[in-house]
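Please study the structure before reading each solution.

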Amino acid sequence: MNVVDVPLEVVHLTDEYWNNVVSYIIEEYKCGRTPNPDVLCNTRIKFGAFMDAISGMKFDFVASGHYAKIVHASTAQLD
């Protein structure tokens, strides 16, 4: 396991994602349209709700992504 000494702040946006992306996609599918969920996520979540949520925090850098690998300490093997 690679470990870096970088503080981690988790911003939970599950409700925002459901309300602003998933529910919209469902309604659009019902109308026969097929919007791109990635575009909606970027505009409404990553550069919308996420930026709003961290606006009061101080960071030098911010990283976000859907491709993180989460390793729980209880199941991780140390190198």
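**Exercise 1: The helix pair**

In this predicted model, α1 crosses α2 in a right-handed manner.

*Task.* Determine how α1 is oriented relative to α2, and which residues bring the two helices into contact.

*Solution.* 
1. Two packed helices are described by the angle between their axes and the distance between the axes.
2. For α1 and helix α2 (residues 37–54), the angle is about 160° and the axes lie 10 Å apart.
3. Angles over 145 degrees count as roughly antiparallel; therefore α1 is roughly antiparallel to α2.
4. On the α1 side, the contact is formed by Glu16, Tyr17, Asn20, Val21, Tyr24 and Ile25; on the α2 side, they meet Pro37, Leu40, Cys41, Arg44, Ile45 and Ala49.
5. By class, the residues of this contact comprise 9 nonpolar, 1 polar and 2 charged.

**Exercise 2: The setting of Glu28**

*Task.* Decide whether Glu28 is buried or exposed, and state which residues it touches.

*Solution.* 
1. Glu28 belongs to helix α1, which spans residues 14–30.
2. The relative accessible area of Glu28 is 13%.
3. Buried means under 20% relative accessible area, so Glu28 is buried.
4. Leaving aside residues up to four places away in sequence, Glu28 touches Arg33 and Pro35.

**Exercise 3: The whole chain**

*Task.* State how many helices and strands the protein chain contains, and what percentage of its residues count as buried.

*Solution.* 
1. The protein chain has 2 helices and 0 strands.
2. Of its 79 residues, 15% count as buried.
3. The chain exposes about 7100 Å², of which carbon and sulfur atoms supply 55%.

Technical notes. Residues numbered from 1 in each chain as written. Predicted model: local features only at pLDDT ≥ 70, side-chain atom pairs only at ≥ 80, totals over all residues. Heavy atoms only, no water. Helix = DSSP H or I, 4+ residues; strand = E, 2+ residues; numbered from the N terminus. Buried < 20%, exposed > 50% of the residue type's maximum accessible area, 1.4 Å probe, protein only. Contact = heavy atoms within 4.5 Å. Areas by Shrake-Rupley, 256 points an atom, 1.4 Å probe, with all protein chains shown as cover. Axes fitted to C-alpha atoms, helices over the stretch in contact; angles between N-to-C directions. Parallel < 35°, antiparallel > 145°, perpendicular 65-115°, else oblique. Left-handed = near helix turned anticlockwise from the far one by under 90°. Nonpolar A, V, L, I, M, F, W, Y, C, P; charged D, E, K, R; others polar.
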